[in-house]
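Visitor: I am new to this kind of picture and would like to learn how its features are read. Could you take me through them step by step?

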Amino acid sequence: MHPDIHLALHHARAADLRAEAGLRPARRSDLRTRLGWTLVEVGLKLATRPRQAAAV
């Protein structure tokens, strides 16, 4: 199958599945924002975690 046809069929099927699920397509900026805030949250948890004394 020609790559362009395969890609067009993939996009059509993905749009059908999104319509069935009632979802809007996720924008790249939405994903970047969510990932960025998740990384900030993890960093804050690591930075504020109490340190344990090393066993000697």
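Visitor: How much accessible surface does the protein have, and what share of that belongs to carbon and sulfur atoms?

Guide: Keeping in mind that this is a predicted model, the accessible surface of the protein comes to about 5800 Å², and 61% of that belongs to carbon and sulfur atoms. Of the 56 residues, 2% count as buried.

Visitor: How many helices and strands are there in the protein?

Guide: The protein has 2 helices and 0 strands. Helix α2 covers residues 28-48, and L44 lies in this helix.

Visitor: Is L44 buried or exposed?

Guide: A residue counts as exposed when its relative accessible area is over 50%, and L44 counts as exposed because its relative accessibility is 52%. Together with W37 and V40, L44 forms a nonpolar patch on the surface, and the accessible area of these residues together is about 340 Å².

Visitor: How many salt bridges does a search of the whole structure find, and which residues form a salt bridge?

Guide: The general idea is that side chains of opposite charge can pair when their charged atoms come close. Here a search of the whole structure finds 1 salt bridge; K45 forms a salt bridge with E41, and their closest N and O atoms are 3.5 Å apart.

Visitor: How are K45 and E41 placed in helix α2?

Guide: K45 and E41 are 4 residues apart in helix α2, so about one helical turn separates them. K45 counts as exposed, at 55% relative accessibility, whereas E41 is partly exposed, with a relative accessible area of 43%.

Conventions: Residues numbered from 1 in each chain as written. Predicted model: local features only at pLDDT ≥ 70, side-chain atom pairs only at ≥ 80, totals over all residues. Heavy atoms only, no water. Buried < 20%, exposed > 50% of the residue type's maximum accessible area, 1.4 Å probe, protein only. Areas by Shrake-Rupley, 256 points an atom, 1.4 Å probe, with all protein chains shown as cover. Patch = residues over 30% accessible without salt bridge, like charges linked within 9 Å, V, L, I, M, F, W, Y side chains within 5 Å. Salt bridge = Lys/Arg side-chain N within 4 Å of Asp/Glu carboxyl O.
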